[in-house]
Amino acid sequence: MTSIPKIKKILYTTDLSENSVYVFRYALNSAEVHDAEIHILYVLKYFFPLPYSFFAATTQEDEKPAILEQIKKRLDDFVQRELENNPARMNRVSSIQVTEGDPVVEILKKADEIKADVLIMGTLSKGLVSQTFLGSVATDVLQHSRVPVFIIPIPRASGTR
């Protein structure tokens, strides 16, 4: 009988949406239960230069580092706010990273890089009939991941399931 691998590294992906704290709490709880560390990842979809204006494309490319830094600050603030009442939990957060690219590719690449034991990500339920029930990123990650993926449905309204 094959034993279940220990969970020591959790990759929590976020889009910083309104209810991302809900999913972060799942990741934090899992980290505490398994005595694991959390790596937080935000992937900014590729910047696509506007084809009708070289100036607009250049401006957008020049702004990229500042935008990535703003997102990193928002993530740092998010974690600080969430953990301010329990600073010991901060030790669970090993890294906070922001990258640019295709979200599925970058999530899977980061999972391999840190040797994640599990991925935790959220999704908005769009109904049973919808083909995008889990959302395209969550679905693609789930289909291509080499490690378990915990998909946490985000409640429609605060405090509901």
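Two strands pair if DSSP finds at least two bridges between them. Helices (H or I, at least four residues) and strands (E, at least two) are themselves DSSP runs, numbered from the N terminus. The model is predicted, so local features need pLDDT of at least 70 and side-chain atom pairs count only at pLDDT 80 or more, while totals for chains, interfaces and linings use all residues. Residues are numbered from 1 along each chain as its sequence is written, and side-chain values use heavy atoms, with hydrogens and water left out.

Start with strand β4, residues 118-123. On one side, β4 pairs with strand β1 (residues 9-13) in the parallel sense over 3 bridges, and L11 stands opposite L119 of β4. Strand β5 (residues 149-153) also runs parallel to β4, joined to it by 5 bridges; here L119 stands opposite V149.

Next come two helices. Two packed helices are described by the angle between their axes and the distance between the axes. Helix α3 (residues 103-114) and helix α4 (residues 136-144) pack at an angle of about 40 degrees, and their axes are 9 Å apart. Axes are lines fitted to C-alpha atoms, for helices over the stretch in contact, and angles run from 0 to 180 degrees between N-to-C directions. Angles under 35 degrees count as roughly parallel, over 145 as roughly antiparallel, 65 to 115 as roughly perpendicular and the rest as oblique. α3 and α4 are therefore oblique to each other.

The contact (heavy atoms within 4.5 Å) involves P103, V104, I107 and L108 of α3, together with V137, D140, V141 and H144 of α4.
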